[in-house]
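Me: Here is a structure I would like to go through term by term. Please set each label against its criterion before concluding anything.

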Amino acid sequence: MASMLLTSLRSSPLTSMQAAQFAARSLSTSVHLQAQVKSKKTLAKPGVKNIVLVDGVRTPFLLSGTTYADLMPHDLARAALQGLLNRTGLPKDAVDYIVYGTVIQEVKTSNVAREAALGAGFSDKTPAHTVTMACISSNQAMTTAAGLIAAGQCDAVVAGGVEFMSDVPIRHSRKMRKTMLSLNRAKTLGARLSLLGSIRLAHLAPELPAVAEFSTAETMGHSADRLAAAFGVTRLEQDEFALRSHMLAKKAQDSGLLSDVINFKVPGKDIVSKDNGIRPSTMEQMAKLKPAFIKPHGTVTAANSSFLTDGASAVLIMSEEKALAMGYKPKAYLRDFVYVSQDPKDQLLLGPTYSTPKVLERSGLTLDDIDVFEFHEAFAGQIMANLKAMDSDWFAQTYMGRKSKVGVPPMEKFNTWGGSLSLGHPFAATGCRLVTTVAHRLQKEGGQYGLVAACAAGGQGHAMVIEAYPQ
């Protein structure tokens, strides 16, 4: 289906009406899958503890600089943790450990997991630590939780992630920082005056943060544009996929399918209850936008890229034995997972291509066994490039050392409730959203296996197989 989509996109332009019809078919097909309950083998392994997702929540994902603008990261993380407690009715002292992800750290709360946990009312006896792995930070938090449970260290772990792009750290210049530190150490008035006299106007220029690779100095958007060009992904293909994402997200939101979203009362403002970045447009309007990174001939624009987002997520992960003993009905089993890494310059965003076949092999599954796919949408061009790479024997043989391609997910199973392009992408919170969405879609559609895949800065990636819990 995906290869057919790519071929048809290359051969004939899509009108906004055709794109709307395609998006509607994707969602309606997924709903019809409810009646097709699969009967497949379970991925349970003898002697290996079953680890389950009990539930997951997230704050509404909002465009940065909007309603959350006056908060701090731990405020959002605290809200997600409290929302998880309210949703599950979990006693706070039943949690053995808390792991949280974040990418751009607030210096006042460097271990945001601990600060948010204390603010949410968890016991001060519950340890908490923060992890960072770019856009797969909360994936790392979840697999860390799974590892703690599998090792017998814990029975109940809360994992999550938070990102707050409305207020990122902006530093003084290096010379200014050195001068200020020297001032702090100066013992005499003369020494202090001498240091103050050495300050020049150029020292006052701030260092602004940039979403760029340290190893290559290239922004992710620039890399996405090059990747799209390398795989022959057209501007039309990218705009069509982005429009699909927004239309499916809008349909899912209006249909009440995004049940992981909790209400959040922002201090001094109204209650926020839904994502605010879902904005279906038309192909004609999107075509008017200019390239955002490679000018004037690039194909990546603001409309086919994910936007800067504030938000937090949290999930409750337990051993199956503990969950049942506490009276919970889990949503899904967390099964095999992998992490991958590759060239951060030319293959920065190809994590799904490398991780998908590896996790399928670990699970003993094929692409046809997967009922639900949730891939992180950093850029429409990144998604389309990955689909083309996954459908290429040449790429598999030349770059991956594989005999043949893994294939492409059928689009009627792929991100049918929208994705990061439309729902938003708070860097460290997206992973939990992906996993929770897979669990909910498996329940809704009657499938058994779901697959999450994501790329991340540094040329890294992740994939996980999720199995529906018997209904």
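Reply: A cavity is a set of grid points where a 1.4 Å probe fits but cannot get out, and a residue lines it if it has an atom within 4 Å of a point. The model is predicted. With that rule in place, the second largest cavity is lined by T353, A389, M390, S392, A396, M400, R402, S404, K405 and V406.

Me: What makes a space a pocket rather than a cavity?
Reply: A pocket is an open set of points, whereas in a cavity the probe cannot get out. The largest pocket holds about 1,000 Å³ of space. Its lining comprises 32 residues, and I104, A210, V211, A212 and F427 are those nearest its centre. By class these lining residues are 23 nonpolar, six polar and three charged.

Me: What lines the second largest pocket, and which element gives the largest share?
Reply: The second largest pocket has a volume of about 290 Å³. It is lined by 15 residues, with V48, K49, L334, R335 and D336 closest to its centre. Elements giving two or more residues to this lining are α5 (137-150) and β9 (332-341). The largest share, four residues, comes from β9. Eight nonpolar, two polar and five charged residues make up the lining of this second largest pocket.

Me: Why is T109 called buried?
Reply: Buried means under 20% relative accessible area. T109 has 9% relative accessibility, so it counts as buried. T109 sits in the loop between β3 and α4. Apart from neighbours within four places in sequence, T109 is in contact with H74 and E115.

Me: What makes S166 partly exposed?
Reply: Partly exposed covers the range between buried, under 20%, and exposed, over 50%. The relative accessible area of S166 is 23%, so the residue is partly exposed. S166 belongs to the loop between β5 and α6 (174-185). Not counting residues up to four places away in sequence, S166 touches S64, G65, T66, A69 and D310.

Me: How far apart are S166 and P470, in sequence and in space?
Reply: They are 304 residues apart in sequence, and 41 Å apart in space from C-alpha to C-alpha.

Me: How do you know that the buried residues of α4 line one face of the helix?
Reply: The buried residues of α4 (residues 112-119) are V112, A113, A116 and A117. Viewed down the axis of α4, these buried residues fall within an arc of 130°, so they line one face of the helix. Among the elements covering them are α3 (73-88), β3 (97-101), β4 (128-131) and β5 (156-163). After α4 comes G121, with a positive phi near 95°.

Me: Why is β8 described as largely enclosed by the rest of the structure?
Reply: In strand β8 (residues 309-319), 11 of the 11 residues are buried, so the strand is largely enclosed by the rest of the structure. Both faces are covered. On one side T309, G311, S313, V315, I317 and S319 are buried, and on the other D310, A312, A314, L316 and M318.

Me: What makes β1 and β8 a pair?
Reply: Two strands pair if DSSP finds at least two bridges between them. Seven bridges join strand β1 (residues 51-58) to β8, and the two run antiparallel. Within this pairing, G56 has V315 of β8 as its bridge partner, and V52 has M318. V52 also has a bridge partner in β9, namely Y333; β1 and β9 pair in the antiparallel sense over two bridges. As for burial, eight of the eight residues of β1 are buried.

Me: How many bridges join β2 to β8, and how many join β5 to β8?
Reply: Two bridges join strand β2 (residues 62-63) to β8, running antiparallel, and L63 stands opposite T309. β5 and β8 pair over eight bridges, also in the antiparallel sense, with A156 opposite M318.

Definitions and conventions:
Residues are numbered from 1 along each chain as its sequence is written. This is a predicted model: local features need pLDDT of at least 70, side-chain atom pairs count only at pLDDT 80 or more; totals for chains, interfaces and linings use all residues. Side-chain values use heavy atoms; hydrogens and water are left out. Buried means under 20% relative accessible area, exposed over 50%, partly exposed in between (1.4 Å probe, protein chains only). The arc is that of the directions from the helix axis to the C-beta atoms. Contact means heavy atoms within 4.5 Å. On a 1 Å grid over the protein atoms alone, a cavity is a set of points where a 1.4 Å probe fits but cannot get out, and a pocket is an open set with protein on both sides within 12 Å along at least five of seven lines; lining residues have an atom within 4 Å of a point. Grid points are joined across faces, edges and corners, and a volume is the space filled by probe spheres set on the points. Ala, Val, Leu, Ile, Met, Phe, Trp, Tyr, Cys and Pro count as nonpolar, Asp, Glu, Lys and Arg as charged, and the others, Gly among them, as polar.
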